[in-house]
Amino acid sequence: YQAPHTAGKILAGARYFLVDPAHEDVAARPGGLFVCFGGSDQNDLLMRFVPSLRAVARDCPVEIITGPVSALRPADVPDAVVHTYLSPAALAAGLKGARLALTACGNMLFERLIHATPGLSVAQFERQDRYGIEFERLGVTRHLGLGTKVDIAKLAGTVLTCYEDERSLTVQRTAAARIDIHGGCRQIVAS
């Protein structure tokens with residue numbers, strides 16, 4: 001985004017993201033692990049992660065948002081709450097109230113930042129991997145790499161360890177709170 005009257009200046013970085021108004025002033029809906037790879041779940045990561053999600057759902061509350069084209073069905077992870085659609089406000093409330101999120105590195109990663117929701121990220125495509133790496137460098141996610149290469153045998157343990165690590169969750173929340181994504185959004189709109 002180019003700011004007005006600033007030849008050559010570009011608004012770039014984690015704080016510059018157009019925030020859906022549903023994320024503004026939303027009340028948190030308390031939850032456990034919030035899992036969402038966007039509306040289309042490219043590469044069927046949810047299906048790939050089913051064994052791990054089942055294991056995690058036995059130990060903590062899990063909410064999965066699939067999108068209408070996902071092959072994942074509620075019976076695949078019977079101890080989880082599975083939604084094929086959530087309104088923008090319900091998605092924002094669930095994300096804001098989650099203890100931990102497992103998301104892709106697209107819009108969901110920025111939306112996690114809006115609510116300072118700690119979590120883990122996976123890239124759906126190689127181009128997303130650099131976002132995950134940079135967001136990890138900022139301290140706002142633990143990036144696991146390309147989702148198609150995540151070690152499924154270790155994923156449940158990694159998620160549960162992060163879920164229970166209060167210090168790590170606090171570090172991510174604090175780092176996210178330092179990034180003024182709402183101010184960046186207002187600056188984009190004003191430009």
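Partly exposed describes a residue whose relative accessible area lies between the buried range, under 20%, and the exposed range, over 50%. By that definition Glu166, with a relative accessible area of 41%, is partly exposed. The structure discussed here is a predicted model.

**Salt bridges**

Side chains of opposite charge can pair when their charged atoms come close. Across the whole structure, a search finds 4 salt bridges. Among them is the pair formed by the side chains of Arg99 and Glu166, with an N to O distance of 2.8 Å. This pair links distant parts of the chain, since Arg99 lies in the loop between α2 and β4 whereas Glu166 belongs to helix α6 (residues 166–177), 67 residues apart. Arg99 has a relative accessible area of 22% and is therefore partly exposed.

Glu166 also forms a salt bridge with Arg173, and here the closest N and O atoms are 3.9 Å apart. Through shared partners, salt bridges join Arg99, Glu166 and Arg173 into one network. Arg173 counts as partly exposed because its relative accessibility is 28%.

Another salt bridge is found between Arg137 and Glu134, whose closest N and O atoms are 2.7 Å apart. Both residues lie in helix α4 (residues 126–137), and because they are 3 residues apart, about one helical turn separates them. An α-helix has 3.6 residues a turn, so residues three or four places apart point the same way. The two partners fall into separate accessibility classes: Arg137, at 59%, counts as exposed, while Glu134, at 37%, counts as partly exposed.

| Salt bridge | Closest N to O distance |
|---|---|
| Arg137 and Glu134 | 2.7 Å |
| Glu166 and Arg173 | 3.9 Å |

Which residues of helix α2 (residues 88–97) are buried? They are Leu91, Ala92, Ala93, Gly94, Leu95 and Gly97. The elements that cover these buried residues include the strands β1 (33–36), β2 (62–65) and β4 (100–104), together with helix α3 (107–115).

**Cysteines**

How many disulfides does the structure hold? The number is 0. A disulfide is a covalent bond between the sulfur atoms of two cysteines. Cys105 has a relative accessibility of 1% and so counts as buried. Cys162 likewise counts as buried, because its relative accessibility is 9%.

**Positive phi values**

Asp25, a residue other than glycine, has a positive phi near 55°. Asp25 is located in the segment before β1, and its relative accessibility of 77% places it in the exposed class.

Ala116 is not a glycine either, yet its phi is positive, at about 55°. The position of Ala116 is in the loop between α3 and β5 (119–123). Is Ala116 buried or exposed? Its relative accessibility is 19%, so Ala116 counts as buried, the cut-off for that class being under 20%.

Terms used. Residues numbered from 1 in each chain as written. Predicted model: local features only at pLDDT ≥ 70, side-chain atom pairs only at ≥ 80, totals over all residues. Heavy atoms only, no water. Disulfide = S-S within 2.5 Å. Buried < 20%, exposed > 50% of the residue type's maximum accessible area, 1.4 Å probe, protein only. Helix = DSSP H or I, 4+ residues; strand = E, 2+ residues; numbered from the N terminus. Contact = heavy atoms within 4.5 Å.
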